Amino acid sequence: MNPVIYPLEALQMQMGRYDGFPGQPERPPVVQNTTVNIIPDPPQDHIIWSIFWFVNINPCCLGLAALIHSIKARDRKFAGDLDRARNYGSTARCLNIWATVLGSIMIFMMITSFILILKAGDVHIYFRRNT
């Protein structure tokens, strides 16, 4: 198989530049900018979480400290100081996490000790009956 070789004169080459579709007026390119305003989420104050741990178990007064920081975060949010509101809110969140962990451990220990006391009472009654 031999490829067909065309003479150079048979190919017509168009030299020059391509200016777009024929019939379009020439205009300079227009750059369009779009501005998008992204409104950040308002800072969280975690007030309900703080009230829960303040009212219920309040381990090591962490619920009280979290409640104070939550109230400060809410005050700063309504005053318009969002940076300090985020700071107080993140501190309240951290304190609430610690209160949740310690409170859960305390609840687990109370349930476990209650079960052990009931078991010990059953064993004690069992030994009294058999002796």
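**A close look at the aromatic pair and its helix**

Author: Searching the whole structure turns up one aromatic pair. Its partners are Phe52 and Trp53, arranged edge-to-face, with 5.1 Å from centre to centre and 80° between the planes. Here, rings of Phe, Tyr and Trp (its six-membered ring) pair if their centres lie within 6.5 Å; planes under 30 degrees apart are stacked, those over 60 edge-to-face, and the rest tilted.

A word on the basis: this is a predicted model, where local features need pLDDT of at least 70 and side-chain atom pairs count only at pLDDT 80 or more, while totals for chains, interfaces and linings use all residues. Residues are numbered from 1 along each chain as its sequence is written, and side-chain values use heavy atoms, leaving out hydrogens and water.

Now for burial, where buried means under 20% relative accessible area, exposed over 50%, and partly exposed in between (1.4 Å probe, protein chains only). Phe52 counts as partly exposed because its relative accessibility is 43%, whereas Trp53, at 6%, counts as buried.

Trp53 also belongs to the buried set of helix H1 (residues 47-55), together with Ile47 and Ser50. Seen down the axis of H1, these buried residues fall within an arc of 135°, so they line one face of the helix. That arc is taken from the directions from the helix axis to the C-beta atoms. Ile48 and Val55 are exposed on the other side of H1. Helices (H or I, at least four residues) and strands (E, at least two) are DSSP runs, numbered from the N terminus.
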